[in-house]
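Work through the exercises below with the sequence and the model open. Try each task before reading its solution.

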Amino acid sequence: MRLLDLIIGASPRTPGYARATGVIAPDQGQEMRIWVDVPEEMAADLSDNGNPWLAAMLPMAAAAHEDIQLSLPVDALLLENLRGVSRIWAGWYPELDVVGLDAVGLDCASCAAAAPPPPDRTAAFFSGGIDSYYTIARRLPGNDAGLPVVGRVDELLSVWGFDVSVNDQAGFAPMAQLLESAAEQIQRSHAIIHTNLRDNRTVWQRRWGPLTNGAGLSFVALMLEKRYRQVFLGSSYPNYTGVPWGSHPLVDPLFSTSAMQIVHDGASSTRVAKTDLVARFLPAQSALHVCQAMAESNCSECEKCYRTMITIDILGHRQAMAQVFDWSRYDVAAIKNLSIGGVRDGIFYDEIIAAARAAGRHDVLRGLLRARARSRLLYPALQISDWLMKMPFLWRAGSALKKIMQHGTIRQDYIEHPNAPSEH
């Protein structure tokens, strides 16, 4: 896999934006152009080295068992760090068949330390969800929730092209308005970065959750390495779990360079504790977005919305969060119908069950325990259905089995990328 060219210029699709395009040629398959658009005021900060492109190519090369060739210099610390990343990935997912960058076979023009970063500026990725609000709220001196301040954040970065396809203008426009409104309340400058990194049929699309989402955010951060000293990524799971995932406290910091630190933030807190804090943060009370089924608002019906609403209910914050959910769609009696996935989903629900028990919410607790028991019985059949859906001549049977198993349940739902495979 080779980086054939790096092109930096005006964005051909968005006025007022600049674009960096990497032309990448896999050993097997068609040449691809991966691009990132940033506001013009950030154009001078776009990377002209190989750091972001190494981050972009590493998971693809690992999945395809290909070597990496770069004609641009790569930061020595990043190169050392990413050897560790590939070893961790190989331990989690043996099918990647890598033992480190030495096994992947990296060939770059030079590997030297980058110059010291010019400004002392920090940024945080901002999706409008619980994790990103938690990271930001704790870095605002004088915040309205009376929260202890653990640092500072100067700018907010949102990415169009990860949760919502960069080609879905209608789907992303309402989310952009929500994020911009929240950024105004937070009183921090806000940039929306556009990228097509996920809009290709590679491991970036197929394994976004388990493997590549932390690397994707790091790719964007590395594209702006000249601008920031630190970039914060809100954690997905608490660090006590150790569950393999695309954004992970062991992996995300290893995308740091000698000039910029990637900070995996918030892993010492549970999702319940984060929700409790975020529900007291005024910007989130009017602009929280957790839904994976709809970009324009919280549907208040999918598993992710319901899970968040249950937590808010247990914590006594329903009134504070009245604007962001349709509480007429919430019914404690329906909690027993939740479809809880495997180990990863179970982590969140174990936290919520403990919180319901501590709060004396026995009505919620009964529903959660029934949902968990039912889901554990159905989970093997759902795994079989997922396997069948990937088979060329059996996908209809898999789809039918899954429909039967999930009938009447509150299940996970996802915004689809165009032509996206069924795996998320």
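The exercises cover nonpolar cores and salt bridges.

This is a predicted model: local features need pLDDT of at least 70, side-chain atom pairs count only at pLDDT 80 or more, and totals for chains, interfaces and linings use all residues. Residues are numbered from 1 along each chain as its sequence is written, and side-chain values use heavy atoms, with hydrogens and water left out.

**Exercise 1. The largest core**

Task: Find which residues of the largest nonpolar core touch the most other members.

Solution. Start with the rule. A nonpolar core is a set of buried Ala, Val, Leu, Ile, Met, Phe, Trp, Tyr and Cys residues joined through side-chain atoms within 4.5 Å. Buried means under 20% relative accessible area, exposed over 50%, and partly exposed in between (1.4 Å probe, protein chains only). The largest core has 64 residues. Tyr133, Leu288, Ile310, Phe325, Leu338 and Leu368 touch the most other members.

Next, assign elements. Helices (H or I, at least four residues) and strands (E, at least two) are DSSP runs, numbered from the N terminus. Elements giving two or more residues to this core include α4 (130–137), β7 (155–160) and α5 (169–186). The largest share, 7 residues, comes from α5.

Now take one residue. Leu288 touches Tyr133 and Phe325, among others, leaving aside residues up to four places away in sequence. Contact here means heavy atoms within 4.5 Å.

Finally, look for another core. A second, separate core has 57 residues, including Leu3, Phe162, Leu224 and Tyr228.

**Exercise 2. A link across the sequence**

Task: Which parts of the chain does the Lys226–Asp48 pair tie together?

Solution. A salt bridge is a side-chain nitrogen of Lys or Arg within 4 Å of a carboxyl oxygen of Asp or Glu. Lys226 and Asp48 meet in one, at 3.6 Å, N to O. Lys226 lies in the loop between α7 (208–223) and β9 (230–234), and Asp48 in the loop between β3 (32–39) and α1 (51–64), so the pair ties together parts 178 residues apart in sequence. Lys226 is partly exposed at 32% relative accessible area. Asp48 is partly exposed at 48%.

**Exercise 3. Buried or exposed?**

Task: Are Asp131 and Arg271 buried or exposed?

Solution. Locate the pair. Their side chains form a salt bridge of 3.1 Å, N to O. Asp131 sits in helix α4 and Arg271 in helix α8, 140 residues apart. Both are buried.

**Exercise 4. A network**

Task: Which residues are linked with Arg121 in a network of salt bridges?

Solution. Begin with Arg121 and Glu155, whose side chains meet at 3.5 Å, N to O. Arg121 is partly exposed at 25%; Glu155 is buried at 9%. The network links Asp45, Arg121, Glu155 and Arg227.
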